[in-house]
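Subject: Structure handover

Dear colleague,

Here is the structure we spoke about. My notes follow below it.

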Amino acid sequence: AAPSCSSWTSRWPESTPPPGRAWRASSPTQRPKARPSSSSCTNSANSAPSWTASSTSAPATFPTTAPPTSTTTTSSTTAAATTATPKGPPHPPRATTASSAESGREQTMIDALTTLLSSQMMQRSLLAALIVGLTAPIIGTYLVHRRLAMLGDGIGHISLTGVALGWLAGTFANVTPADSWAIPGAVVVSLLGAVTIELVRQSGRTSGDTALAMLFYGGIAGGVLLIGLAGGTSAQLNSYLFGSISTVRWSDITLITILGAAIVALGVGLAPALFSVTNDEDFARSTGLPVRTLSLLIAILSALTVAVAMRVVGSLLVSALMVIPVAIAQLGARSFRSTMGIAMGLGVLICTCGLSLTYFVDLSPGATIVVGAIGLYAIGFIIRAALDRIRRVRRLRVARTYNQHPERSTAR
């Protein structure tokens, strides 16, 4: 079927030449033939289109070259084409997106920290953890140098008897709550137990290990027995066995602060004399120091430390805060004073970080603090072992070079 007039006209408008390649004046055969006008053709549904124009009429002429186009016309055409072309919304650069996400995370962290610090419970808990982390490594430094690292564990066990005894006394006195006297009772019984251990050790009739073993078993058994007489259950001792930082009251904070101040004052103020006793008792005795009194003072300070740290990490884990920060500090410290200072800083860091983590994750505060301390010790031990190996290899290399070329050392 022949094309209709309307389709022909829509394909070739009269104002523009037909599409194709550029027509050259030197090739008249390539010029297009005249196209019929829309007025001289008729289109019927049943017949082919008839042309009224004569076949001998002169062909339409087209310019052999394109008419000159001014710069203004070209610019306007380009601008129109640019305006007519739709463009999508500009995409934000990746750097801007990354910075927005980072700022959003920072804002979330700031909000979380603000919520943490605005909580009354966390304020009390962080204050207690700060005091415990600062005081426990002070006494732990003396115990580790004296090779009595398990003394804190023994006192922690016997403190359970003091907790149950204070609970029983509070029940008979109709005190509300009944465990209000639990920590004072733990302080008293811990002091008696620490003094007993030191006196038994100094007498020489029973070894220190045997005395500690008796305290381990007798402390837990006495606590369970007395808590039953007070009308409680052994499950109520869990907050004192493993720590319950959420139950710390402002009265507990006051007592912990007073005991912590006494531990810092005595432990740091009497550091030279206490170091002499822990390092060499015979030398300290020869210099005129009261060795027996100073040894009892170390035991008393250990008992006070156990009472301070009981509500944070529990009586079963309190010895870990007294020993592990000191063990980490010994990996890099070179003196007794630096060991104590580094251990105090590590204790504060471990306690506050572990307690803050339990605010966002449902974990036990005492267990989290102790596990974090052990993990930090493992990392420090690996780093120290690697550094020692590097130094050993260097010394061997220097010694081998000296054995092969002894004249070099002579020349020097």
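The buried residues of H10 pack against H4, helix H9 (250-269), helix H11 (281-286) and H12, where contact means heavy atoms within 4.5 Å. In H10 itself (residues 271-279), the buried positions are Ala-271, Ala-273, Leu-274, Ser-276, Val-277 and Thr-278; buried is under 20% relative accessible area, exposed over 50% and partly exposed in between, with a 1.4 Å probe and protein chains only. Helices are DSSP runs of H or I with at least four residues, numbered from the N terminus.

This is a predicted model, in which local features need pLDDT of at least 70 and side-chain atom pairs count only at pLDDT 80 or more, while totals for chains, interfaces and linings use all residues. Residues are numbered from 1 along each chain as its sequence is written, and side-chain values use heavy atoms, leaving out hydrogens and water.

The axes of H4 (residues 120-145) and H12 (residues 291-313) come within 9 Å and cross at roughly 150°; axes are lines fitted to C-alpha atoms over the stretch in contact, with angles from 0 to 180 degrees between N-to-C directions. H4 and H12 are therefore roughly antiparallel (angles over 145 degrees). On the H4 side the contact includes Ala-128, Ile-131 and Tyr-142, and on the H12 side Leu-301, Thr-305 and Val-312. The residues of this contact divide into 13 nonpolar, 3 polar and no charged (nonpolar: Ala, Val, Leu, Ile, Met, Phe, Trp, Tyr, Cys and Pro; charged: Asp, Glu, Lys and Arg; polar: the others, Gly among them).

Thr-368 is in helix H15 (residues 365-404), and counts as buried at 15% relative accessibility.

Regards

Methods. Helices (H or I, at least four residues) and strands (E, at least two) are DSSP runs, numbered from the N terminus. Angles under 35 degrees count as roughly parallel, over 145 as roughly antiparallel, 65 to 115 as roughly perpendicular and the rest as oblique.
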